[in-house]
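Work through the exercises below with the model open beside the text. Each task is followed by a solution in steps.

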Amino acid sequence: MSKVSIVVPIYNASCWLPECFASLRQQGDCELVLVDDGSTDSSAEMCRQFLATDGVRGKLVQQSNGGLSSARNAGIAAASGQYIAFCDADDAYLPGGVPLLLKILEEQAECDIAVGQFTRKKGETAKDGRYFCLDALSSVISTLYQEKLFHQSAWGKLYRRRLFDQGPNFAEGRWYEDFEFLPRIYHRTRNIAFTTSLVYYYRPNRQSFLNRWSPARADALYAADSVRAYVAMHMPLAVPAATSRRFSAYFNIFLLALRHSQGQLAGRCLAELHTMRRAILADRRCRPKNRLGAALCTFLPNFHQSPKQTAAPRE
């Protein structure tokens, strides 16, 4: 039995799968859990062909389209490894990336997650770098403050399987699932290891959800509110960090709403930004971008647009 299961959610990704699959073969003896989330292209057949290749160990899970979170949860349920990693179908792991993370967790028995770094450049190779360990609270705080080395994606990390047995895991039916997921999974850990090493290739995809307008983009606000509420209940010392991250989410959606003439959504965001502005300006740990945004809010009127000006965002 393989120690590591790599879960790959797949939806109409046939153009990216060859590169993704090639990278997975370079991760050593891993179980590959490919989850076809109701693809309508040739993705499912490509998965079957790949799993039939000599030296490839894994399984194909097929389901009707339920979204990224649903596919990841299905992959977790089907995985048999002691450790779990995630890889998006349009991305790739760098050669040796997963073994590097596994090495860290085997060296650090008190750590439950190993976090690697990502690159947007092709041709990189995973190399041993320094790493350090933090407790759950410190990890959540640094992640919510969006500090360097603390990225908020589910991929590029290796998790001990037992963490997922404490569920719930990825929230289904909404976007920004990684944002909401990480504080909860971190809270289940003893310690987390963060390495400076690159382990993952993130493909800049202009067709991706984050690079186009959709009413579902307002899910970022739901995720920010959920994280703030979870932290307030379970990790109150992280509330200032959660407030900083919430401000960032609301400010980003505010700017996006203005750009796409979504007046009601912009007004909703601006009203919340005003409630957080003083806390952001007083918190010296907030990143400069947030503090600048808070200062700009001083000169923006607190208003709500008439609902007649634009359709309400999906709640």
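Two strands pair if DSSP finds at least two bridges between them. Helices (H or I, at least four residues) and strands (E, at least two) are DSSP runs, numbered from the N terminus. The model is a predicted one, in which local features need pLDDT of at least 70 and side-chain atom pairs count only at pLDDT 80 or more, while totals for chains, interfaces and linings use all residues. Residues are numbered from 1 along each chain as its sequence is written, and side-chain values use heavy atoms, with hydrogens and water left out.

**Exercise 1. Strand β2 and its partners**

Task: determine which residue stands opposite L34 in β3, and how many bridges join β1 to β2.

Solution. 
Step 1. Strand β1 (residues 4-10) runs parallel to β2, and seven bridges join the two. Within this pairing, V8 has L34 of β2 as its bridge partner.
Step 2. On to β3 (residues 58-63): β2 and β3 also run parallel, joined by six bridges. Here L34 stands opposite L60.
Step 3. Helix α1 (residues 17-24) forms a right-handed β-α-β unit with β1 and β2. Helix α2 (residues 43-51) forms a right-handed β-α-β unit with β2 and β3. A crossover is right-handed if, with the strands pointing away from the viewer, the path from the first strand over the helix to the second runs clockwise.
Step 4. Check burial, where buried means under 20% relative accessible area, exposed over 50%, and partly exposed in between (1.4 Å probe, protein chains only). Eight of the eight residues of β2 are buried. C30, L32, L34 and D36 point one way from the strand, and E31, V33, V35 and D37 the other way.

**Exercise 2. The surroundings of E31**

Task: state where E31 lies, whether E31 is buried or exposed, and which side chains make polar contacts with its side chain.

Solution. 
Step 1. E31 belongs to strand β2 (residues 30-37). Its relative accessible area is 7%, so E31 is buried.
Step 2. List the contacts (heavy atoms within 4.5 Å). Beyond its neighbours within four places in sequence, E31 touches residues including S2, V4, R57, A78 and G81.
Step 3. Pick out the polar contacts. These are pairs of N or O atoms within 3.5 Å; within protein, one must be able to donate a hydrogen and the other to accept it, and residues adjacent in sequence count only if both atoms are side-chain atoms. Another, of 3.3 Å, goes to the side chain of K59.

**Exercise 3. Helices α7 and α9**

Task: compare the end-to-end distance of each helix with its expected span, and find where α9 bends.

Solution. 
Step 1. The expected span is 1.5 Å times one less than the number of residues.
Step 2. The 16 residues of α7 should span 22 Å, and its end C-alpha atoms are 22 Å apart, so the values agree.
Step 3. Helix α9 (residues 263-282) has 20 residues and reaches 29 Å between its first and last C-alpha, close to the expected 28 Å.
Step 4. The bend at a residue is the angle between axes fitted to the seven residues ending there and the seven starting there. For α9 there is a bend of about 45° at M276.
Step 5. Residues of α9 that are buried include L265, C269, L273, M276 and I280. The buried residues of α9 pack against α7 (219-234), α8 (239-259) and α10 (288-297). Those of α7 pack against α5 (136-144), α6, α8 and α9.
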